Amino acid sequence: MTCRIPLRRLWAFGTAWGLATLVMVALVGTSAMAAEKGADKAQGAILPRDSADAGVFRGGLVYANYCVTCHGFNADGNGRAARLYNPRPANLRMSDKNDAYFGLIIRMGGEAMGRSQFMPPWGAELTDEQTNDLVTYLRSINARK
């Protein structure tokens with residue numbers, strides 16, 4: 001009996017796992033430096049739950065699970081499914097949209113916002129916390145800040 005897992009699935013899982021690991025390592029290092037400086041008073045916590053770094057970390061996980069297929073690992077709109085759509089997914093690194101717009105398009109989808117009909121509405125799937133964390137993550141990677 002052999003296990004037949006498609007190579008693409010293994011690659012996608014490995015890549016998402018790698019991205020999550022890199023983000024975690026970066027955040028643990030950042031938190032360790034802050035703790036050395038006395039900025040982080042939480043006992044035993046790697047990241048305080050309400051910190052911006054924790055929101056970026058959690059948002060990165062949401063992005064890896066829901067957005068990377070179309071928007072790509074670099075959030076540049078060149079995900080593996082991007083070629084299937086016209087118009088192509090947005091380049092989130094260069095977006096000039098504000099946080100409220102990001103939250104609305106995530107919740108309501110592209111068509112409701114006058115954009116691509118292929119951008120699905122995630123409002124029924126994601127919690128408010130996940131949506132807010134995703135917006136925090138998108139803001140953190142945006143080159144136009």
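## Exercises on His-71 and the aromatic pairs

His-71 is found in helix H3, residues 68-71 (helices are DSSP runs of H or I with at least four residues, numbered from the N terminus). The model is predicted, so local features need pLDDT of at least 70 and side-chain atom pairs pLDDT 80 or more, while totals for chains, interfaces and linings use all residues. Residues are numbered from 1 along each chain as its sequence is written, and side-chain values use heavy atoms, with hydrogens and water left out.

**Exercise 1.** Classify His-71 as buried or exposed, and list its contacts beyond four places in sequence.

Solution. Step 1: buried means under 20% relative accessible area, exposed over 50%, partly exposed in between (1.4 Å probe, protein chains only). Step 2: His-71 has 11% relative accessibility, so it counts as buried. Step 3: contact means heavy atoms within 4.5 Å. Step 4: the partners of His-71 are Tyr-63, Asp-76, Gly-77, Asn-78, Gly-79, Pro-89, Ala-90, Leu-92 and Met-119.

**Exercise 2.** Determine the geometry of the pair Tyr-63 and Tyr-137.

Solution. Step 1: rings of Phe, Tyr and Trp (its six-membered ring) pair if their centres lie within 6.5 Å; planes under 30 degrees apart count as stacked, over 60 as edge-to-face and the rest as tilted. Step 2: this rule gives three aromatic pairs. Step 3: the ring centres of Tyr-63 and Tyr-137 are 5.5 Å apart and the planes at 40 degrees, so the pair is tilted. Step 4: Tyr-63 lies in helix H2 (residues 52-66) and Tyr-137 in helix H5 (residues 128-141), so the pair ties together parts 74 residues apart in sequence.

Methods:
Helix = DSSP H or I, 4+ residues; strand = E, 2+ residues; numbered from the N terminus.
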